[in-house]
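Please report on this model.

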Amino acid sequence: ALGRGMGSAPASGAQAQPRPLTPPAGFLGGPGEGSPCATGPGWASEGPGASSKNGRVSHATARLEMGSLWEEFNRLGTEMIVTKAGRRMFPTFQVKLSGLDPLADYVLLMDFVPLDDKRYRYAFHSSSWLAAGRADPAAPGRVHFHPDSPAKGAQWMRQIVSFDKLKLTNNLLDDNGHIILNSMHRYQPRFHVVFVDPRRDSERFAHQNFKSFSFPETQFMAVTAYQNHRITQLKIASNPFAKGFRDGDPE
């Protein structure tokens, strides 16, 4: 089914977007698939079993753009706003790809996995996050497809790939295809490169046709309002569209 549409698509629950793409079987795994490992800032690790991947994806590499800014936020404890209507991420998730087959078709997508089974609260007196019990029931699992999908490897490698259309929401009944997250929970964004296999029986090879990447410095706490004032200050200082923080709605 990959390669026959574009846009965001719910993996379950709410109404799908028109002509949704479908991730390969077993794709929406737990935190282990594509989990972070010690690869150095700005470079992602891939999930287990990378050695058995199709040659069209096995050599794919992804470098996180604006890595120093992500690191700056990560040192403070990154927070991302979730709203009922959906809010874009800042910093925007952007990567530079290499190692793709220039003539092959690929779909690029993202999902978000919980980092643990806890919900949190912010302790203002100590400026720190504290565990505040078990996590809420998991929000409907969704993936966000880059709107240019599918496209040739040459196109993806030609320029920086930006997921600037992706929006985060806390509305469990969202029907806009936004990524649904629980507020006051920690998440790890994951990035996936999927080879569009032209073989008639491509489903048999679905597990070989994608490669997953996680950047530890992009982990964040989902919030409905910024808790750490230093995060607010850094967002205003580094976001060219942050004039709205002073005038009302940032969007």
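The report below takes these topics in turn.

This is a predicted model, in which local features need pLDDT of at least 70, side-chain atom pairs count only at pLDDT 80 or more, and totals for chains, interfaces and linings use all residues. Residues are numbered from 1 along each chain as its sequence is written, and side-chain values use heavy atoms, with hydrogens and water left out.

**Confidence**

Mean pLDDT (the predictor's confidence in each residue, from 0 to 100) is 83 for the protein. Of its residues, 76% reach 70 or more.

**Strands β8 and β9**

Strands are DSSP runs (E, at least two residues), numbered from the N terminus. β8 covers residues 118-123 and β9 residues 128-134. They pair (DSSP finds at least two bridges) in the antiparallel sense, over 5 bridges. A123 stands opposite S128 of β9. The hairpin has 4 residues between its strands. There, S127 takes a positive phi near 50°.

**H185**

H185 sits in the loop between β14 (179-180) and β15 (186-195). Is H185 buried or exposed? H185 counts as buried because its relative accessibility is 5%; the cut-off is under 20% relative accessible area, with a 1.4 Å probe and protein chains only. Its side chain reaches the backbone nitrogen of D136 at 2.9 Å. Leaving aside neighbours within four places in sequence, H185 contacts K118, R119, A135, D136, F220, M221 and A222.

Conventions
Buried means under 20% relative accessible area, exposed over 50%, partly exposed in between (1.4 Å probe, protein chains only). A polar contact is a pair of N or O atoms within 3.5 Å; within protein, one must be able to donate a hydrogen and the other to accept it, and residues adjacent in sequence count only if both atoms are side-chain atoms. Contact means heavy atoms within 4.5 Å.
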